[in-house]
Amino acid sequence: MTAVEATTPTLKDRLNDPELLKTGAFVGGKWIDADTRAEVTNPADNSVIATVADVGETGARQAVAAAAEAFETWKKTSVFERARLVQRWHDLIMEHVADLGTIITAEMGKPLKEARGEVAYGAGFLSVSAEEAKRIHGETLPVPFPGARGWTIRQPVGVVGCITPWNFPSAMITRKCGPALAAGCTMVLKPAPETPLSALALAELARRAGFPDGVFNVVCGDAEKIGPVLTGSDEIAMIGFTGSTEVGKLLMRQAADGVKRVALELGGNAPFIVMDDADVEAAADGVISSKFRAAGQTCVSANRIIAQDAVADKLTEALKARVEKIKVGSGFDEDTQVGPLIHQEAVNRVDQLVRDAESKGAKILAGGRPLDDELGGSFYAPTLIEGGDFKLDLACFEIFGPVASVYRARDEAEILRLANDTPYGLAAYVYTQDIGRVHRISEGLDYGMIGINAPQVGSPTTPFGGVKQSGIGREGGKWGVEEFTELKFVLLGGVE
């Protein structure tokens, strides 16, 4: 062991509450181990920070059985009691923001300040869900039958199988599980193999919050073994998934045999539109905020920056000045603004997109290279490219990396055509000062969420989701809770 290795703190050393570092599966209110274990690595230096139990198909089936048994009681539990427990979970998460952020930084790489922000953002979905669950209600309806009355009621859909991604390893869990649990569903959660520690820490806090055994379960392991258990089990009523469109389609096909409900938040190809009347400096700040958060590894990240000809040069200059100043490094370094990509495969994929664009005439104005020789780990330099051609792979596919590419367009009509020329429709951004344009463009864009002079579109109180191949359903606010309920109609006859 070198002197550097001897003084480098382990993840457990960094935690105020080391008991949050769990490495087993959480099933039926108990921590279980497995003979097979999977390594969890820090993408900033590729070091192994933990090994986690891979419970596979057997563990997944145990979790489904535990959730199904717990559902029979949980669905009948007072909504006020369910809301109290979900709110208690929120409170415990907020008490442990520092530790949960540290875990995210260690296993996913995002800067510590950003990681703690994710934890607080994600906790907000629990608080909102706890309140919205109390407002789930039906309606009295007019019916055409003499001496009859009709009304609707909403009830929990059942056991939910939930599969979450690595880029927001805390918030994507609370955004799904908060409304589901508050609505009366029980959960089997399968986190991404790259970032299981955040999910397991949340399970420990859920245990402390007092959820009954089996209401919330977490299983880690091979997706090819666990996924079919969730989609194929007769006891699972719904699948919730955030991730790539390709995997979402696979899960949808697997769930089709059981006609299970699906809630899918999938890939994006977000246009960031800057019109000729925009505040260019504000737009440049917005691009940086949207594009380089989580090193560009977000589904709502600006993917294509489309500038009207009159402001394209000014915007490009403003972006170049900003991109060149971005500090890259370990998320535990206080000065870091952009951390590593999730693994080396991600670096290779991003670099391939950049090299393809360069070979087809695009200009690299800043960055454009891996930083593994300089920093170690899975780093890529913040990059600015003047794209030119909308047929580049860089424009057609989700980049999922710290690469901003600028394209030009003549007028509003061309911008709308180019922005909508994609199978995806998650988020879009528009910078303009013209209120008429605000209405025309927001109505003309085929996207589920649109930020006008705003680089972020998600919050716990607003609907989050896309159209076309970017998903099905909405998360957040009352819409997120309603996703996990069934609407039932009751007709009462013989009423005199």
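Let's start with a term that comes up throughout: a residue is buried when its relative accessible area is under 20%, exposed when that area is over 50%, and partly exposed in between (1.4 Å probe, protein chains only). What you have above is a predicted model, in which local features need pLDDT of at least 70 and side-chain atom pairs count only at pLDDT 80 or more, while totals for chains, interfaces and linings use all residues. Numbering runs from 1 along each chain as its sequence is written, and side-chain values use heavy atoms, with hydrogens and water left out.

Now for the overall layout. Domain 1 covers 14–266 + 471–488 and domain 2 covers 270–452, with bounds that come from an automatic or database domain assignment. Taken over C-alpha atoms, their centres are 31 Å apart. Where they touch, 23 residues of domain 1 are in contact with 25 residues of domain 2; contact means heavy atoms within 4.5 Å.

On to the strands. Helices (H or I, at least four residues) and strands (E, at least two) are DSSP runs, numbered from the N terminus, and two strands pair if DSSP finds at least two bridges between them. Strand β3 (residues 37–42) runs antiparallel to β4 (residues 47–53), and six bridges join them. One of the pairings is A38 with V52 in β4. Four residues sit between the strands of this hairpin, where N46 takes a positive phi near 65°.

Further along, β5, β6 and β22 form an open antiparallel sheet in that order. The edges are β5 and β22 (485–492), each of which pairs on one side only. Two bridges join β5 to β6 (residues 149–156), and L141 has G150 as its bridge partner in β6. L141 itself, in β5 (residues 140–141), is partly exposed at 31% relative accessible area. Together with F145, F489 and L491, L141 makes a nonpolar surface patch of about 370 Å².

Two residues have backbone angles worth a look. A294 is not a glycine, yet has a positive phi of about 55°; A294 lies in the loop between α11 (280–292) and β13 (302–308) and is buried, at 4% relative accessibility. N453 is also a non-glycine residue with a positive phi of about 55°. N453 is in the loop between β19 (449–452) and β20 (467–468), but is partly exposed at 34%.

Finally, the charges. A salt bridge here is a side-chain nitrogen of Lys or Arg within 4 Å of a carboxyl oxygen of Asp or Glu, and the whole structure has 33 of them. Take R175 and E265, whose closest N and O atoms are 3.2 Å apart. R175 is in helix α7 (residues 171–183) and E265 in strand β11 (residues 261–265), so this pair links distant parts of the chain, 90 residues apart. Are these two residues buried or exposed? Both R175 and E265 are buried.

The R322 and D285 pair meets at 2.8 Å, N to O. Because R322 lies in helix α12 (residues 309–323) and D285 in helix α11, the pair ties together parts 37 residues apart in sequence. R322 is partly exposed at 21%, and D285 is partly exposed at 43%. E19 and K22 form a salt bridge at 3.4 Å, N to O; E19 is partly exposed at 45%, whereas K22 is buried at 17%. There's also a salt-bridge network that links D276, D277, E412, R437 and R440.

Conventions:
Patches are made of residues with over 30% relative accessible area and no salt bridge: like charges are joined within 9 Å, nonpolar side chains (Val, Leu, Ile, Met, Phe, Trp, Tyr) within 5 Å. Accessible areas come from the Shrake-Rupley method with a 1.4 Å probe; for residues, only the protein chains shown count as cover.
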